[in-house]
Structures are given as C-alpha cells and as structure tokens.
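Reader: I would like to learn how to read a fold from its computed features. Please take them one at a time.

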Amino acid sequence: MATVTSVGSGNYNTGSTWDSGARPGSSDDVVIANGHTVTLVQAENANSLDLQSGGTLDGDGNLLTIDGENGSGYAINLNGAISGTDTDFAITTAAATNVDLVPTSGTIRNLTINHASAVVNIRSLATTISGDLTITAGTLDTQNSGSNLDLTVAGNTVVDGTLTGNNSTLTFGTNGVHGSTEAGCLRVNSSGSFTFGSGDVTIFSGFTAKGTDTVTSTGGGDIII
C-alpha cells in the first residue's frame, strides 16, 4: 500500500500525472493536490481518495471504486471540486469508514455501497447526490458525533443493505425521475432496512416497499409523498 499524489493535471491512468510515475492501483491511497485536475477515462480502483483543497476530479462518466480507507480513516474525502455532472463512486470498504462527500463545487452523481461489512459514516455537511444512491450491501449512516446531517438524493434510492437516517432531513427524488414503476424514488427491498427518527423524509415520486421490507421510524418523523 502506498500514497500516490498528483504532480500535475492529466488523465488518471497516465503515469506522468502521479509522483509514482505509474497509474494508481487498488491498494493505493490517491491524493489529488491543489491546482491539479485529474480526469477518469475508464473505471478505476483505489484504496482511498483524498481530493485536496484546490484540486479537481472529473469523473467524465466513469466509476471510481474505493476498496479501503486511508490512515485518517476516510474512504473518500472531498475538499476540492468535482468537475462536470457525471462523477460516480462505489465504496467496497470491508469495515466502518468515513466519507466527506461535499466538494467545494459540483456534486457527485451516483454512489454505490457494496460490501456487507461496510459501514459508511457521513462526516461532512448536508450531502447531495445528483443521481442515484444504491446500497447493495452494507450501511450508510447520516450521523456525525451526534449531529444529524441532511441527505438529498435527486434520483432513485434502492436499499438492499441498511440506510440509517437518524434525525436527519432526508429528501429523495428531487428531479422527479423513476428508474421504473417498481423502483419509484425510494425502494427498500426485502433484504434492506431504512430507519429514521424525527427528521422529515420527503419523497417526490412515490415510495414502494416489497414483501417483508423493513421500514421503521425510531422517533416519529414523517414520510411526505
């Protein structure tokens, strides 16, 4: 495992973009430094991503999968900018980990959590996902040391793992899209669980629950459809 830091702007898979002289691999902690714009041109894997202040990541429609976390306990730490509207992340960290998903400008598009042992804790301000949230396995938790952090997902949210909303304000489907009639804007499948507390849950395009789905409120929050 190594830390690989950008030395200039360029494509992610170009060795001259990085101080290692080589494209980062799945075991590398990737750092995009101040003043550098790094562009994905294909799907990539990293152990962690640290987008530093003044740095820019352009996903260009490609997926960056994060398989671990850095020494500070972060899988993704966005202190710089997201360029464009098509940067996608997947988190497969096999442990509890932290994420800061609020860049200085722009938003991430799609976020997927896909490891049964992943417990992804949001450690930033109110978070917006401009596309879809998919929790295939594992947990996404919106609370940071007792502070409830609001979450907005503009597209569809599908939960096969666990979405823990605490007392946060949760908003789903602000762009009014449907993945399908079955999916709606928030779907909790039979293997999934969605819990929330006193914060309101607003769903713009319908809520669906199938079979033995678990949808519980721990503190009396309202679901507004």
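Reader: Which residues have the most contacts inside the largest nonpolar core?

Author: Keep in mind that this is a predicted model. The largest nonpolar core holds 45 residues, and L49, I76, F89, L140, F172 and F194 have the most contacts inside it. Strand β13, residues 111–122, gives the most to this core, with five residues.

Reader: What is F89 in contact with, leaving aside its neighbours within four places in sequence?

Author: With those neighbours set aside, the contacts of F89 are L49, L57, L63, L64, I76, L78, I108, N110, L111 and T112. L49 and I76 also belong to the residues with the most contacts inside the core.

Reader: How many helices and strands are in the chain?

Author: The chain has 27 strands and zero helices. Of its 225 residues, 51% are buried. Among contacts with a separation of 6 or more, 43% are between residues 24 or more positions apart.

Reader: How should I read the pairing of strands, parallel or antiparallel, in the open sheet of four strands?

Author: The general idea first: strands of a sheet pair through backbone hydrogen bonds, and the pairing can be parallel or antiparallel. In this case the open sheet has the order β2-β4-β7-β10, and its pairing is parallel. The edges are β2 (10–11) and β10 (81–83); each has a single partner strand, so one side of each is left without a neighbour in the sheet. Further in, strand β4 (residues 37–39) runs parallel to strand β7 (residues 56–58), and three bridges join them. One of the residues involved is T37, whose bridge partner in β7 is T56.

Reader: How many aromatic pairs does the structure hold, and how is the pair of Y12 and W18 classed?

Author: There are three aromatic pairs. A pair counts as edge-to-face when the ring planes are over 60 degrees apart. The ring centres of Y12 and W18 lie 5.3 Å apart and their planes are at 75°, so this pair is edge-to-face. Y12 is buried at a relative accessible area of 1%, and W18 is buried as well, at 3%.

The rings of F172 and F194 have centres 6.1 Å apart and planes at 90°, so they too form an edge-to-face pair. This pair links distant parts of the chain, 22 residues apart: F172 lies in strand β21 (residues 170–172) and F194 in strand β23 (residues 193–196).

Reader: Are F172 and F194 buried or exposed, and which cluster do ring pairs make with them?

Author: Both are buried. Ring pairs link F172, F194 and F196 into a cluster.

Key:
Residues are numbered from 1 along each chain as its sequence is written. This is a predicted model: local features need pLDDT of at least 70, side-chain atom pairs count only at pLDDT 80 or more; totals for chains, interfaces and linings use all residues. Side-chain values use heavy atoms; hydrogens and water are left out. A nonpolar core is a set of buried Ala, Val, Leu, Ile, Met, Phe, Trp, Tyr and Cys residues joined through side-chain atoms within 4.5 Å. Buried means under 20% relative accessible area, exposed over 50%, partly exposed in between (1.4 Å probe, protein chains only). Helices (H or I, at least four residues) and strands (E, at least two) are DSSP runs, numbered from the N terminus. Contact means heavy atoms within 4.5 Å. Two strands pair if DSSP finds at least two bridges between them. Rings of Phe, Tyr and Trp (its six-membered ring) pair if their centres lie within 6.5 Å; planes under 30 degrees apart count as stacked, over 60 as edge-to-face and the rest as tilted.
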